[in-house]
Amino acid sequence: MSRKPLATLGLAEIIHCHADRVGCFRPIVESEGPATDAVTGLVRDLFEFDDSRAAAGMTRAEARELVIAGRTADIYSRDVAAH
């Protein structure tokens with residue numbers, strides 16, 4: 001596991017202890033989709049989050065297709081809509 005997911009878990013743990021409500025959103029995931037993303041799944045399981053509190057926006061392949069098509073703004077709008 002790289003350092004970014006570990007930092008995410010550490011930060012989520014700190015916030016989870018001090019906040020009423022915490023969530024995790026990854027704008028772009030490496031996996032086939034948000035449901036199979038390892039980091040999102042780990043956070044969901046570790047903190048017993050439901051799907052609305054641990055989610056992802058789109059896959060890297062989807063983002064790549066939008067960039068190639070010159071529709072970079074669609075990446076931002078889709079992620080904001082998913083969030």
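1. Two strands pair if DSSP finds at least two bridges between them, and helices (H or I, at least four residues) and strands (E, at least two) are themselves DSSP runs, numbered from the N terminus. In this predicted model, Val29 stands opposite Thr59 in β2, and five bridges join β1 to β2, which run parallel.

2. A word on the basis of these remarks: the model is predicted, with local features needing pLDDT of at least 70 and side-chain atom pairs counting only at pLDDT 80 or more, while totals for chains, interfaces and linings use all residues. Residues are numbered from 1 along each chain as its sequence is written, and side-chain values use heavy atoms, with hydrogens and water left out.

3. After α2 comes Glu48, whose phi is positive, near 55 degrees.

4. The structure holds four salt bridges, a salt bridge being a side-chain nitrogen of Lys or Arg within 4 Å of a carboxyl oxygen of Asp or Glu. In one of them the side chains of Glu30 and Arg60 meet (2.5 Å, N to O); this pair links distant parts of the chain, with Glu30 in the loop between β1 and α2 and Arg60 in helix α3 (residues 60-68), 30 residues apart. Glu30 counts as exposed because its relative accessibility is 54%, whereas Arg60, with a relative accessible area of 36%, is partly exposed.

5. Another salt bridge brings together the side chains of Arg78 and Glu62 (3.7 Å, N to O). Arg78 lies in helix α4 (residues 72-82) and Glu62 in helix α3, so the pair ties together parts that are 16 residues apart in sequence. Arg78 is partly exposed, with a relative accessible area of 37%, and Glu62 also counts as partly exposed, at 31% relative accessibility.

6. The side chains of Arg71 and Asp74 likewise meet in a salt bridge (2.6 Å, N to O). Arg71 counts as partly exposed at 43% relative accessibility, and Asp74 is partly exposed with a relative accessible area of 25%.

Note on methods:
Buried < 20%, exposed > 50% of the residue type's maximum accessible area, 1.4 Å probe, protein only.
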